[in-house]
Amino acid sequence: MLNTPVFGAATPQTFYDDIVSKKPDPATGKPDPEKIKALRASHPDSLPQPKYLAEHNPPPSWANSSYFGIHTFKFVNGAKKTTLVRWQFVPEDGDKQMTDAELKSSPPNFLQQRLLDRLKQGPVRWDMMLTIGKSGDPENNPTLLWPADRKTIKVGTLTITSASPQKGAPCEEIKFDPLVMADGIEPTNDPVLLFRSPAYSISFGKQLSGD
Ligand code: HEM
């Protein structure tokens, strides 16, 4: 999950072109704003995520952020009836945004440290909210939101009771693959969702080999 409700690309090609457009210019050491502008103009599916980010400062803590599954998944029951769903994890500590001043003054890696500090006060919880789609809702495009009036129900709670610094932690050796799903949950034909699994395998292999 990410903490934006939409993704920045409807296809792997846009994701790739977006990364290439942000490659630092050797002359300045920074991305060339003209290249980013050109990318946005030629790839309209790259617009919704930066728009959301421009309107929402980051959270002061991971415990104060919602996380969005973004893709649409299929829930299939015993009679093979399919329901389109999306999900979102909503923090019990509340969604918060940093002010511009806090954003400028925050030290590096403060999010990791704040989670460790927050957990000393007790577990951190998120409600898992499932949104039920209707026929015709976009299912293969992770840059498009569903209408806001779709039925949403609480289906579970995620509780984090402890954490450790990431460096050297056991999670560094776990490969995350969004296509590993429980029985009854199936992927849609979203090209971004289907691309992630092989991309993560290559990345994970490179991490293990130090390549
Ligand atoms: C074409 C689209 C995408 C590509 C090519 C891509 C690629 C990658 C790669 C290479 C990694 C590093 C994996 C590793 O080595 O552990 C990664 C991590 C991650 N991606 Fe993506 N990604 C894409 C779309 C998405 C989307 C749509 C989401 C959210 C819905 C997402 C969420 C994440 C998260 C949460 C991680 C961190 C996973 C972890 O820490 O184990 N990505 N992505």
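M1 is partly exposed in this predicted model. Its relative accessible area is 45%. M1 is found in the segment before α1. Despite that position in sequence, M1 touches Y67, F68, G69, W87 and F89, leaving aside residues up to four places away. Two of these partners, W87 and F89, are among the residues with the most contacts inside the largest nonpolar core. D32 lies 31 residues from M1 in sequence, and the C-alpha atoms of M1 and D32 are 29 Å apart in space.

The protein chain holds six helices and six strands. From the N terminus, the order of elements is α-α-α-β-β-β-α-α-β-β-β-α. The C-alpha trace spans about 60 × 50 × 40 Å along its principal axes. Of the 211 residues in the chain, 33% are buried. Contacts between residues at least 6 apart in sequence were also examined by separation, and 72% of them join residues at least 24 apart.

Nonpolar side chains tend to be buried together in soluble globular proteins. In the present model, the largest nonpolar core has 13 residues. Within this core, the residues with the most contacts are F73, V85, W87, F89, V124 and W126. The greatest share comes from β4, with four residues.

F89 was examined for its surroundings in the fold. Beyond four places in sequence, F89 touches M1, S65, S66, Y67, W126, D127, M128 and L158. W126 is, like F89, one of the residues with the most contacts in the largest core. L158 belongs to β5 (152-160).

Q88 lies in strand β3. Q88 is partly exposed, with a relative accessible area of 27%. Its contacts beyond four places in sequence are S66, Y67, F68, D127, M128 and M129. Y200 is 112 residues from Q88 along the chain, and the C-alpha atoms of the pair are separated by 22 Å.

Helix packing was examined for α1 and α2. Helix α1 covers residues 12-21, and helix α2 covers residues 33-42. The two pack at an angle of about 160°, with their axes 9 Å apart. Because the angle is over 145 degrees, α1 is roughly antiparallel to α2. The crossing of the two helices is right-handed. On the α1 side, the contact involves D17, D18 and S21. On the α2 side, K35, I36 and L39 take part. By class, the contact residues divide into two nonpolar, one polar and three charged.

Backbone geometry was considered next. Most residues other than glycine have a negative phi. K80 has a positive phi of about 70° although it is not a glycine. The loop between β2 (73-76) and β3 holds K80. K80 counts as exposed, at 67% relative accessibility. N109 also has a positive phi without being a glycine, with a value near 60°. The loop between α4 (100-105) and α5 holds N109. At 64% relative accessibility, N109 counts as exposed.

D183 gives a further view of the loops. D183 sits in the loop between β5 and β6 (185-187). Its relative accessible area is 81%, so D183 is exposed. N77 is 106 residues away from D183 in sequence. In space, the C-alpha atoms of D183 and N77 are 9.5 Å apart.

Technical notes. Residues are numbered from 1 along each chain as its sequence is written. This is a predicted model: local features need pLDDT of at least 70, side-chain atom pairs count only at pLDDT 80 or more; totals for chains, interfaces and linings use all residues. Side-chain values use heavy atoms; hydrogens and water are left out. A nonpolar core is a set of buried Ala, Val, Leu, Ile, Met, Phe, Trp, Tyr and Cys residues joined through side-chain atoms within 4.5 Å. Buried means under 20% relative accessible area, exposed over 50%, partly exposed in between (1.4 Å probe, protein chains only). Contact means heavy atoms within 4.5 Å. Axes are lines fitted to C-alpha atoms, for helices over the stretch in contact, and angles run from 0 to 180 degrees between N-to-C directions. Angles under 35 degrees count as roughly parallel, over 145 as roughly antiparallel, 65 to 115 as roughly perpendicular and the rest as oblique. A crossing is left-handed if the near helix is turned anticlockwise from the far one by less than a right angle, and right-handed if clockwise. Ala, Val, Leu, Ile, Met, Phe, Trp, Tyr, Cys and Pro count as nonpolar, Asp, Glu, Lys and Arg as charged, and the others, Gly among them, as polar.
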